[in-house]
Amino acid sequence: MPGPKRKILVTSALPYANGPIHIGHLVEYIQTDIWVRFQKMCGHDCIYICADDAHGTPIMLKAQQEGITPEQLISQVGSEHEKDFSDFHIQFDNYHSTHSEENRAHATKIYERLRDNGHITTKMVVDLYDPQDKVFLPDRFVKGECPKCYAKDQYGDNCEVCGNTYTPADLINPYSSVSGATPIKKENLHYFFTLNDFKDMLHEWIESTSLQPEITNKLQEWFNAGLRDWDISRDAPYFGFEIPDAPGKYFYVWLDAPVGYMASLQQYCDRTGKEFDAYWKVGSDHEVHHFIGKDIAYFHMLFWPAMLHGANYRTPTAVYCHGFLTVDGQKMSKSRGTFIKARTYLDYLNPEYLRYYFAAKLGPDVSDIDLSLNDFRQRVNSDVVGKLVNIASRCSGFIQKHFEGRLTSDFIAGSQQIFDEAVSTNEHIKQLYESRHYSQAMRAIMNHADATNQVIDAHKPWDLAKSEAKMEQVQQVCSFGLNMYRLLIGYLKPVMPELAEKSEAFLNTETCWNDLASGKPLPEGHRIKIFKPLITRIEQQRIEKMIEDSKQDEITSISDPIMDEVIFDDFAKLDFRIAKIIQAEHVEGADKLLKLTLDLGEPTGNIQRTVFAGIKSAYAPDEIEGRLTVVVANLAPRKMRFGTSEGMVLAAGPGGKDIFLLQPDSGATPGMRVK
């Protein structure tokens, strides 16, 4: 008998709205979507909500580089995110943005309740100030060494290596990421959330909540180090919500980002008529489950529950952390082509391949998982195509050809036990999904597929069909196979929803979890439809093309050794010419590139060249059309993702906005050789 119907709110961490989704991000959203689809398949009232995290300095900087407003940037990126998620069959019930009136209202309410309850303080702190640009530097405008683990090139708010948080003034050897200047220290008024007020409450919440052991240990380390007041204010310029009683001060992005869960739910409730407070009021019997990466555990397991409690809201039922993704045993790399964007993957491969492979690797712990591209191809081809779908393929033809597509509920001798065993593991597989032991669930499903194929191979319907006297056995063994396929594809439905949908159409039936647990085969005479290929094998060449399409040059770090020396004669072969920029264009999908059409002037016969130049951070297209530049005119053409580049534009400067081309009044003319 099915248990009581649960009311569940599920969230994934909000993707940041300054760039595309990549396969590393997808680990979390696929993991969450599988869990949600499973809950819905079990008949529970499960809502899956998310939003774009749309505030903060990086978004402001990216918009400046693009020559658009932050609002335009987050709208554009938000649409791209939603399309990528949808095409990976990640089915949100509501997708919103933290830059919304719902989020402003809830963030303000939480802040005011915390303030009125005595959990907000102000004090003067020493901030970093850029003496060149004459502004206080928000945390993302500053980089340096982490004061805890000494990792280099960390931002001024938290370390991506050890996970600790701090202020920009705590950084070792800081520098302004805008001007490159060494900041000076100046006093500035900041607003703080007194986290230590909630030390006892957080201890109780952690003890009463089923957290992963690795996370519990990490939380204990943070408790032992002491809970410091949390700086929740940032100075203009800042893209976000202004603190209501503090003109010129803005909520730090991490204050309103998790509130985005509430804002997205609010939009959903306004649209559907559901009651928002039923999920977030103290004492609610509804469940709230967060899925996040282990790198943001600090924010979700200390600040977030403390904020909620201090503002008179309920705390989460559970927070599940996952590890990072490596590809072929290494960190994702643009130069190796393993930093694969979601859209690039979709250009070449079926999204359900990745959904299955991640499920086959994921467990309930925070361990990193590896996408071995060779194992990926072999496992999907072997498990999904070779074992599972092959059952439907090899059995359906006999049923259509000899029995007008009709099944019998009388299985071949010895096969009923195999079917009953697969039905009896229903509760076990259900518990594996519930506890996020996806890899074990996939193994159990494929073990049943192996047993099914063994029965089919033992009875050989292709041989039985040669004898009219044995046709009944053909129907029995193939009906067994197709009923087993229905059962197993039902178990796999949360992972591969599109394959399940196609399979249900072919089998002329639908499945929910209770159907799978009933142990009843399809009724006598049930008619299936004509089988059409459900999924194809992964071709190695498509993986290779995806990798090639993902390759980008990476900027080498200053610690890289100098490359092998060249002699002067090699250098002298380069032909430097003055060229006129007659057209400049944005390159869709490229963060740094402009597409330039260059005229090399009369001395070269007015040759025109197309060159892709990484100068977008410093120039808008209309700023440089008509300008002169120096180009390496005899550089061999190079094929890039966005087209072929027929030269190289020379520029100088530290980067960012400071990239300098030839001065307009230099006196140079197109075609002139530069020596």
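**Labels and cut-offs**

Visitor: What makes Arg343 count as partly exposed?

Guide: Its relative accessibility is 28%. Buried means under 20% relative accessible area, exposed means over 50%, and partly exposed lies in between (1.4 Å probe, protein chains only). Therefore Arg343 counts as partly exposed.

Visitor: What kind of model is this?

Guide: This is a predicted model: local features need pLDDT of at least 70, side-chain atom pairs count only at pLDDT 80 or more, and totals for chains, interfaces and linings use all residues. Residues are numbered from 1 along each chain as its sequence is written, and side-chain values use heavy atoms, with hydrogens and water left out.

Visitor: How do you know that Asp84 forms a salt bridge with Arg343?

Guide: The rule asks for a side-chain nitrogen of Lys or Arg within 4 Å of a carboxyl oxygen of Asp or Glu. Here the closest N and O atoms are 2.8 Å apart, so the pair qualifies. It links distant parts of the chain, 259 residues apart. Asp84 sits in helix H3 (residues 70-87) and Arg343 in helix H10 (residues 342-348). Helices (H or I, at least four residues) and strands (E, at least two) are DSSP runs, numbered from the N terminus. At 5% relative accessibility, Asp84 counts as buried.

Visitor: Which residues are linked with Asp84 and Arg343 in a network of salt bridges?

Guide: Lys83 and Asp87 join Asp84 and Arg343 in that network. The count by this rule comes to 26 salt bridges.

Visitor: What makes Lys152 and Glu145 a salt bridge?

Guide: N to O is 3.3 Å for these side chains. Lys152 is exposed at 59% relative accessibility, whereas Glu145 is buried at 16%.

Visitor: How far apart are the closest N and O atoms of Arg234 and Asp231?

Guide: They are 3.6 Å apart, and the pair forms a salt bridge. Arg234 is buried at 9% relative accessibility. Asp231 is buried at 11%.

Visitor: Why is strand E14 (residues 318-322) called largely enclosed?

Guide: Five of its five residues are buried, so the rest of the structure largely encloses it. Ala318, Tyr320 and His322 point one way, Val319 and Cys321 the other.

Visitor: How many bridges join strand E13 (residues 287-293) to E14?

Guide: Five, and the strands run parallel. Pairing needs at least two DSSP bridges. Gly293 stands opposite His322 in E14. The chain crosses from E13 through helix H9 (residues 297-310) to E14, a right-handed β-α-β crossover. Right-handed means that, with the strands pointing away from the viewer, the path from the first strand over the helix to the second runs clockwise.

Visitor: How many aromatic pairs does a search of the whole structure find?

Guide: It finds 32.

Visitor: Why is the pair of Phe85 and Phe92 called edge-to-face?

Guide: The ring centres are 5.3 Å apart and the planes stand at 85°. Rings of Phe, Tyr and Trp (its six-membered ring) pair if their centres lie within 6.5 Å; planes under 30 degrees apart are stacked, over 60 edge-to-face, the rest tilted. So the pair is edge-to-face. Phe85 and Phe92 are buried. Phe411 and Phe419 are also an edge-to-face pair, at 5.4 Å centre to centre and 75° between the planes. Phe411 is buried at 7% relative accessibility, and Phe419 at 3%.
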